[in-house]
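This briefing is meant for a reader who is meeting the structure for the first time. Please keep the sequence and the model in view while reading.

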Amino acid sequence: MSRTGEKWFVSFSIEAEKLPVQELLDERPQEFFGIDVGVKQFGTIASSKENHTISLPESIKEEQLKLAKFQWRNRNKQLGTKGKPPSKNAIKYYKKLRLNHARIANMRRDFIEKTTTKIVGNIKHVCLEDLNVKGMMQNGKLAASIARQGFYEFRERLTIKIVASGGSVVLASQWFPSSKTCHNCGQINPELKLSDRIYNCPHCGTVIDRDLNAAIVLSQYGEVNQFTRVGCTRIYACELEGADSPG
């Protein structure tokens with residue numbers, strides 16, 4: 001049993017037979033698409049032929065800004081710290097705070113469900129980074145932004161839907177330098193900083209958006225590693241049966 005905002009939720013489990021894979025989207029392209037997620041831009045999707053971006057809805061950004069202002073305005077209330085009980089106004093504040101957090105969580109969940117469903121309708125094979133979200137949260141400047149994005153939930157829902165529709169997912173290792181690797185010549189630029197939003201390849205001279213470059217590199221990684229376990233984790237519709245050989 002759990003409580004979110006003013007609502008209570010009860011969880012239970014049942015025994016059920018596994019549903020068969022639904023391969024209903026045969027018109028989807030067969031090439032791999034790479035998806036690079038980030039704080040500046042929620043996601044960049046790319047293959048060797050096309051690319052587009054995913055942005056958080058403005059409504060979510062507005063609600064997050066309202067929440068930040070609400071918390072700042074109430075920073076001096078007696079919130080129940082240092083052995084003092086919370087004041088009556090603080091109790092009212094906590095109640096409203098829970099409702100605001102629940103509202104944003106529901107909006108984000110709705111966005112993720114609709115976005116992943118749309119992606120699955122157009123893409124059959126994807127490559128994602130196996131992000132160490134907990135490690136990323138250690139960066140104090142980015143922790144709040146990363147927590148708001150919902151990267152893990154996005155990957156989980158997308159993986160489930162891709163696999164259930166007959167597609168496959170390749171997870172690149174968290175140590176794979178997708179952002180620092182040039183999609184054109186394959187050289188790694190060790191000097192690339194997190195603040196650099198444009199990728200300038202010192203070897204071949206390629207100039208490209210950093211996130212777009214990473215997404216293309218991930219799509220190439222997916223193509224190369226779709227039939228091997230080396231350096232990646234594969235998730236296939238039929239529990240990897242027959243996936244070890246291209247045939």
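The model described here is a predicted one. Its secondary structure comes to six helices and ten strands, and of the 247 residues of the protein, 38% count as buried. Among the contacts in the protein with a separation of 6 or more, 63% are accounted for by residues 24 or more positions apart.

**Packing of H1 against H2**

- Helix H1, which covers residues 58-73, and helix H2, which covers residues 88-120, have axes that come within 10 Å and cross at roughly 160°.
- Because angles over 145 degrees count as roughly antiparallel, this crossing makes H1 roughly antiparallel to H2.
- The crossing in which H1 passes H2 is left-handed.
- On the H1 side the contact is made by Ser59, Ile60, Glu63, Gln64, Leu67, Phe70 and Gln71, while H2 contributes Tyr93, Lys96, Leu97, Asn100, His101, Arg103, Ile104, Met107, Arg108 and Phe111.
- Sorted by class, the residues in the contact of H1 with H2 are eight nonpolar, five polar and four charged.

**Packing of H2 against H5**

- Helix H2 also packs with H5, at an angle of about 35° and with the two axes 9 Å apart.
- The crossing of H2 and H5 is right-handed.
- In this contact, Arg109, Ile112, Glu113, Thr115, Thr116, Thr117, Ile119 and Val120 of H2 meet Glu153, Phe154, Arg157, Leu158, Lys161 and Ile162 of H5.
- The residues of the contact of H2 with H5 divide into six nonpolar, three polar and five charged.

**Salt bridges**

- Glutamate 63 counts as buried because its relative accessibility is 16%, which is under the 20% limit, whereas arginine 103, at 45%, counts as partly exposed.
- Lysine 114 and aspartate 110 meet through their side chains in a salt bridge, with an N to O distance of 3.3 Å.
- Both lysine 114 and aspartate 110 lie in helix H2, where they are four residues apart, or about one turn of the helix.
- Lysine 114 counts as exposed at 55% relative accessibility, while aspartate 110 is partly exposed, with a relative accessible area of 39%.
- Arginine 155 forms a salt bridge with aspartate 130, the closest N and O atoms being 2.7 Å apart.
- Here too the pair links distant parts of the chain, with arginine 155 in helix H5 (residues 151-164) and aspartate 130 in the loop between strand E6 (125-129) and helix H3 (133-136), 25 residues apart.
- Aspartate 130 counts as partly exposed, with a relative accessibility of 28%.

**Glutamine 78, in a loop**

- Glutamine 78 is placed in the loop between H1 and H2, and at 38% relative accessibility this residue counts as partly exposed.
- Glutamine 78 and alanine 90 are twelve residues apart in sequence, and their C-alpha atoms are 6.3 Å apart in space.
- Leaving aside residues up to four places away in sequence, glutamine 78 touches Lys84, Pro85, Pro86, Ser87 and Ala90.

**Aspartate 36, in a strand**

- Aspartate 36 is found in strand E3, which covers residues 32-37, and at 4% relative accessibility this residue counts as buried.
- Although aspartate 36 and serine 178 are 142 residues apart along the chain, their C-alpha atoms are separated by 8.8 Å.
- When residues up to four places away in sequence are not counted, aspartate 36 touches Phe42, Gly43, Thr44, Glu129, Asp211, Ala214, Ala215 and Leu218.

Conventions: Residues numbered from 1 in each chain as written. Predicted model: local features only at pLDDT ≥ 70, side-chain atom pairs only at ≥ 80, totals over all residues. Heavy atoms only, no water. Axes fitted to C-alpha atoms, helices over the stretch in contact; angles between N-to-C directions. Helix = DSSP H or I, 4+ residues; strand = E, 2+ residues; numbered from the N terminus. Parallel < 35°, antiparallel > 145°, perpendicular 65-115°, else oblique. Left-handed = near helix turned anticlockwise from the far one by under 90°. Contact = heavy atoms within 4.5 Å. Nonpolar A, V, L, I, M, F, W, Y, C, P; charged D, E, K, R; others polar. Buried < 20%, exposed > 50% of the residue type's maximum accessible area, 1.4 Å probe, protein only. Salt bridge = Lys/Arg side-chain N within 4 Å of Asp/Glu carboxyl O.
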